[in-house]
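Here is a short briefing to read alongside the model.

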Amino acid sequence: MRVVAVCQDELVIRTLDDVLEPSFDVEFLLESGPLARRLHDAGLPITVGDPRRIDTYLKADISPSTCFLVEDNGRRSVKKTLAAIRDAGGTLTYVVHTGVAVQPRNSDALKAEFPDVADMDLSELVRPALVTELSRSMTRARVQQYQRYFADADRVLILLHNDPDPDALASGLALRNLLRRTKTTAIIGAMQGVTRPENLRMANMLDIHVEPITPTSFRDFDRIATVDVQPHYFGGLLPRVDLVVDHHPEQQGYIAVFKDIRADYGSTSTILTEHLRAVDVNISERTATAMLYAIKSDTLFFARHTNRVDLEAFTFLYPLADAALIRKMEGAEITLERLEYVTRASQGGLMRDQVFCAFIGEAPREDFIPYTADFFLQLEDVKWTIIAGVVGECLIISVRNLGYSRNAGEFVKRWFADIGSAGGHRAMAKAVVPMERFRAKFGELEGPAITARIAEMAEQFLHEPAPDKKKEPVAR
Ligand SMILES: [Mn+2]
């Protein structure tokens with residue numbers, strides 16, 4: 001495509017020449033003068049002519065697909081230039097503002113006279129790249145600090161939460177990568193272990209070994225980092241760590257030498273993608289695949305709480321990852337066992353105002369409850385799901401929503417914080433309440449009565465005015 005750029009400033013000309021070549025066939029139109037001669041002698045495609053005269057363009061042999069860039073540096077009106085281009089038959093015209101910020105009134109006046117002309121602001125074009133680059137340098141400084149701090153350790157523990165999910169597993173790999181360590185010098189560990197079938201499949205397919213860790217083994221490590229979880233989660237067993245990288249709301253009650261907590265990010269893998277990019281670490285296909293899967297899974301493929309940065313990390317990782325392997329890892333999440341709990345929920349559940357609630361009775365494993373909550377969120381017309389079930393002595397309540405309504409974390413805190421642990425994100429939350437305490441607060445309820453009581457809680461909560469935004473505790 002041919003581009004005729006009408007510019008007056010050397011920096012703008014040289015920059016545009018650099019940027020547009022070779023994708024565009026660019027030439028610069030300048031009035032005769034020392035700048036035109038100098039740039040011409042330097043080999044730039046310079047044409048000399050008066051940009052305010054029609055015949056300058058007629059001579060230049062323009063076609064309807066010629067694109068015009070007219071620099072407006074604020075020193076001299078570009079109206080005559082725009083009129084000449086228009087009268088010569090130019091149709092694709094852009095004004096590039098390079099001077100001090102455009103006065104809206106001038107811009108409006110220009111718009112009124114030349115409605116087909118599009119506006120661009122050089123500073124707006126430069127801003128996104130520059131801001132990203134500069135914030136990356138802040139991340140770089142932070143990453144280099146913790147890299148140095150971990151460098152002399154013999155053994156490092158990267159601790160995940162008790163039932164590691166794809167984000168935890170991928171974050172473990174990513175941090176090990178950032179610390180430039182192997183599986184013998186940086187252990188990825190968890191107090192319990194991977195249980196959900198698709199998470200086990202991921203760990204197997206990507207060969208991620210999660211070592212069982214006990215609180216007494218903490219002291220065998222020279223440095224400890226937690227990813228996708230903060231130390232308070234371990235209930236006082238881990239009062240001090242060296243590094244925390246997490247996307248759950250920030251908690252008090254522990255000491256971390258370094259931390260990077262960004263509660264507005266959709267996954268911890270998103271944060272760690274930025275760390276990896278900031279220090280230019282080579283990302284293996286395995287790590288990229290794990291991280292891409294983690295972002296997909298933590299954001300339900302961007303269906304819930306997703307930040308622009310999650311999309312950026314996804315875009316960055318996608319060409320580095322094995323997308324076919326991700327499809328295999330996802331497999332069919334549905335198992336006969338899980339279907340059993342989905343069936344229970346569908347038989348005993350209540351649907352009111354796009355809120356689906358169900359008590360599914362006893363379950364041998366906790367993951368049946370969030371699985372059922374996720375499952376019903378796929379239903380047409382469902383915006384909230386609240387699924388409760390009994391595992392051992394506790395009632396587990398999993399809450400999911402589509403992320404643009406009231407906060408799920410606030411819901412569980414509103415009803416359960418006083419009798420158990422309760423917290424979470426805007427779009428997903430969990431409460432764990434000893435059955436005894438649940439009955440003490442809400443009465444001797446059984447089966448359908450529990451479903452009905454939970455539906456009432458939802459109705460009441462969703463009709464209460466939303467409180468001011470505050471920091472909230474986390475739970476899974
Ligand atoms: Mn996560």
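Let's start inside the chain: Ala225 has Leu243 in E11 as its bridge partner. That pair belongs to the parallel pairing of E10 with strand E11 (residues 240-246), which runs over three bridges. Please keep in mind that this is a predicted model.

**Around strand E10**

- On its other listed pairing, E10 joins strand E7 (residues 156-159), again in the parallel sense, over four bridges.
- Within that pairing, Val156 has Arg223 of E10 as its bridge partner.
- Strand E10 spans residues 223-227, and five of its five residues are buried.
- In a regular strand, side chains alternate between the two faces of the sheet.
- In E10 both faces are covered, with Arg223, Ala225 and Val227 buried on one side, and Ile224 and Thr226 buried on the other.
- For the cut-off behind that word, a residue is buried if 20 or more other C-beta atoms lie within 10 Å of its own.

**The six-stranded sheet**

- Another place to look is an open sheet of six strands, ordered E3-E2-E1-E4-E5-E6 with parallel pairing.
- Its edge strands are E3 (46-48) and E6 (118-121), each of which pairs on one side only.
- From one strand to the next, the twist averages 25°.
- Strand E1 (residues 2-6) pairs with strand E4 (residues 67-72) in the parallel sense, over four bridges.
- Within this pairing, Val6 stands opposite Val70 in E4.

**Helices on that sheet**

- Helix H1 (residues 10-20) packs on the sheet and touches E1, strand E2 (25-30) and E4.
- The direction of H1 makes about 165° with that of E2.
- Helix H2 (residues 34-41) also packs on the sheet, where it touches E2 and E3.
- The direction of H2 makes about 145° with that of E3.

**The chain as a whole**

- Stepping back, the chain has 17 helices and 18 strands.
- Of its 476 residues, 41% are buried.
- Among contacts with a separation of 6 or more, 62% are between residues 24 or more positions apart.
- The radius of gyration is 29 Å, whereas a compact globule of 476 residues would have one near 23 Å.
- Taken along the principal axes, the C-alpha atoms fill a box of roughly 90 × 55 × 40 Å.

Definitions and conventions:
Residues numbered from 1 in each chain as written. Predicted model: local features only at pLDDT ≥ 70, side-chain atom pairs only at ≥ 80, totals over all residues. Pairing = 2+ DSSP bridges. Helix = DSSP H or I, 4+ residues; strand = E, 2+ residues; numbered from the N terminus. Axes fitted to C-alpha atoms, helices over the stretch in contact; angles between N-to-C directions. Contact = placed C-beta atoms within 7 Å. Rg over C-alpha atoms; globule rule 2.2 N^0.38 Å. Buried ≥ 20, exposed ≤ 12 C-beta atoms within 10 Å, placed from the backbone.
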